[in-house]
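Please consult the sequence and the structure while reading.

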Amino acid sequence: MFGYGELAVAAAETLIGLGAHLVALVVPSNRTGVDVTRAENMAQQRGLTQLTQPETSDIGSFADRLRALAPDLAVIWSYSMILPPELISLLPLGCVNVHSGLLPEYRGGHVMQWAIINGECETGVTLHYLDEGIDTGPLIAQSRFPIEIHDDGVSVQRKLQLSGTALLQAWWPRIAQGTAPRLSQDESRARYHRLLTPKDGLVDWNAGSMAIHNLVRALVSPRPGAFTFLQEQKIVIRRAMLTSEVSGTVSPGTIVELSQHGASVATGDGELSITEVESDGAVIEPSEFTAVGIIPGVLFTDSPSVLHRTQ
């Protein structure tokens, strides 16, 4: 098993529950933190060999260790490194990726977040075999589920976990026998989505309310979050709600109204209600907004600047 975090742990536990003889867990060398630790703790509890995939220049000794385990097959879910051809070739039954998106339209590492940012009404999980490309290998099967307006990055990942483990359970017998389908992807529909960076969370208040709302909900904690600036202060927007209000001639980014429920902010086509923010690492509820300068008439901006007041 190659992976880390909750999804990889779910896949490993599913495989064990299906009677698979899991010989090792491999984590990537380019990630650290709680998600890697979570996977390593599971491996320790299950008595699995633990390996770390090194950078490509050091892949030889790692390949030798993998070869000594004599695995028939590898499964990947939530992994941040590319498997070079010399590793894939060690696996007689190939390498199956549990991809957290619909292929071929959503290739890339952060496609769950991109589906929310893009305002998709559905997403899903794709089982496919690995080849030398990025998410380009032949398909086994897919499952789809809706992205509801109230969903965010956390709830969609929960749906992905349930959908992905169910898909793995359904197809595992044929995968283990080497008889699973290998369907070519339609390259005319293929689209690669780049990895997100923290800078992608910067809010453009000239955009529409729905676009900003989608950005906020895609980047909820534990991700870095959508953000804006109030004078020199960075404000992370943790929660927001769509409203039907129209701000007229008020400049986008202007805090129009403050209530016990949140701050209404003008956007490119209306207003968005900000219901939870974070400043200097502290989560702030609407009742405390004025303490950090979130008051009517003040303008959120896209960079640190002097205080802007519109009225």
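Q: Does I134 count as buried, partly exposed or exposed?
A: The model examined here is predicted. Residue I134 lies in the loop between β6 (122-129) and β7 (139-146). Buried means under 20% relative accessible area and exposed means over 50%. Because the relative accessibility of I134 is 40%, this residue counts as partly exposed.

Q: What accessible area does the nonpolar surface patch with I134 have together?
A: The patch lies on the surface and is formed by I82, I134, Y192 and L195. Together, these residues have an accessible area of about 400 Å².

Q: How is the pair of F2 and Y79 classed?
A: The count of aromatic pairs comes to three. In the pair of F2 and Y79, the ring centres are 5.5 Å apart and the planes stand at 85 degrees. Planes over 60 degrees apart count as edge-to-face. The pair of F2 and Y79 is therefore edge-to-face.

Q: How many residues apart are F2 and Y79?
A: F2 belongs to strand β1 (residues 2-3), whereas Y79 is in the loop between β4 (74-77) and α4 (85-88). The pair thus links distant parts of the chain, and the separation is 77 residues.

Q: How is the pair of W205 and F300 classed?
A: Both W205 and F300 are buried. Their ring centres are 5.7 Å apart, with planes at 15 degrees. Since planes under 30 degrees apart count as stacked, the pair of W205 and F300 is stacked.

Q: Over which ring does the charged end of R182 sit?
A: The charged end of R182 is 3.6 Å from the centre of the ring concerned. That ring belongs to Y129.

Terms used: Residues are numbered from 1 along each chain as its sequence is written. This is a predicted model: local features need pLDDT of at least 70, side-chain atom pairs count only at pLDDT 80 or more; totals for chains, interfaces and linings use all residues. Side-chain values use heavy atoms; hydrogens and water are left out. Patches are made of residues with over 30% relative accessible area and no salt bridge: like charges are joined within 9 Å, nonpolar side chains (Val, Leu, Ile, Met, Phe, Trp, Tyr) within 5 Å. Accessible areas come from the Shrake-Rupley method with a 1.4 Å probe; for residues, only the protein chains shown count as cover. A salt bridge is a side-chain nitrogen of Lys or Arg within 4 Å of a carboxyl oxygen of Asp or Glu. Helices (H or I, at least four residues) and strands (E, at least two) are DSSP runs, numbered from the N terminus. Buried means under 20% relative accessible area, exposed over 50%, partly exposed in between (1.4 Å probe, protein chains only). Rings of Phe, Tyr and Trp (its six-membered ring) pair if their centres lie within 6.5 Å; planes under 30 degrees apart count as stacked, over 60 as edge-to-face and the rest as tilted. A charge sits over a ring if NZ of Lys or CZ of Arg is within 6 Å of the ring centre and within 35 degrees of the ring normal.
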